[in-house]
Amino acid sequence: MSLNSEKYLALVTLLEQLRTDATTTQIAASELRQRVASLQQFFGQQIVPLADENWRVQSYQTEMSKQLRLLAIDVMFLQGARQASTAQTRLQTISDRVTTLIQYCDAILQPEAEGEK
């Protein structure tokens with residue numbers, strides 16, 4: 001397994017943990033915001049510098065960067081939610097966005113997995 005794969009797998013692990021915490025535990029919105037900030041930092045420090053000539057991987061990285069920014073905005077909206085139903089909707093949106101990010105990581109990892117078979 002390449003170092004790049006390990007970093008993407010680490011990102012998937014962090015994303016899955018965030019999704020689990022956001023959907024199954026009563027995590028505070030401020031804690032969620034800090035977790036998303038750490039995710040963005042991890043992405044910026046560990047994933048962005050990965051030099052990849054593959055245009056497909058670069059386009060996924062661009063989309064992931066955009067989704068991470070939108071995730072931070074979703075968490076801000078969650079913090080501003082006054083009603084439980086609104087908060088629940090925001091949490092579902094956050095979960096969906098994290099799922100999308102995981103799917104992007106899986107798509108990047110896929111060709112390497114096929115090559116190892």
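I count a residue as buried when its relative accessible area is under 20%. The model I am looking at is predicted.

**Entry: Asp21 and Arg35.** I looked up Asp21 with that cut-off in hand: its relative accessible area is 13%, so Asp21 is buried. Its side chain meets that of Arg35 in a salt bridge, 2.6 Å from N to O. Asp21 sits in helix α1 (residues 3-24) and Arg35 in helix α2 (residues 29-47), so this pair ties together parts 14 residues apart in sequence. Arg35 comes out as partly exposed, at 23%. I also found that Glu31 joins Asp21 and Arg35 in a network of salt bridges.

**Entry: other salt bridges.** How many salt bridges does the structure hold? I have four on my list. One of them pairs Asp74 with Arg97 at 2.5 Å, N to O. Glu63 and Lys66 form another salt bridge, at 3.2 Å, N to O. These two lie three residues apart in helix α3, about one turn of the helix. I noted Glu63 as partly exposed at 27%, and Lys66 as partly exposed at 34%.

Entry: Leaving out residues up to four places away in sequence, I see Gln61 touching Tyr8, Phe43, Ile47, Val48 and Leu50. Phe77, also in helix α3 (residues 55-80), is partly exposed at 43%. With Leu70, Ile73 and Met76, Phe77 makes a nonpolar surface patch of about 350 Å².

Note on methods. Residues numbered from 1 in each chain as written. Predicted model: local features only at pLDDT ≥ 70, side-chain atom pairs only at ≥ 80, totals over all residues. Heavy atoms only, no water. Patch = residues over 30% accessible without salt bridge, like charges linked within 9 Å, V, L, I, M, F, W, Y side chains within 5 Å. Areas by Shrake-Rupley, 256 points an atom, 1.4 Å probe, with all protein chains shown as cover. Helix = DSSP H or I, 4+ residues; strand = E, 2+ residues; numbered from the N terminus. Buried < 20%, exposed > 50% of the residue type's maximum accessible area, 1.4 Å probe, protein only. Contact = heavy atoms within 4.5 Å.
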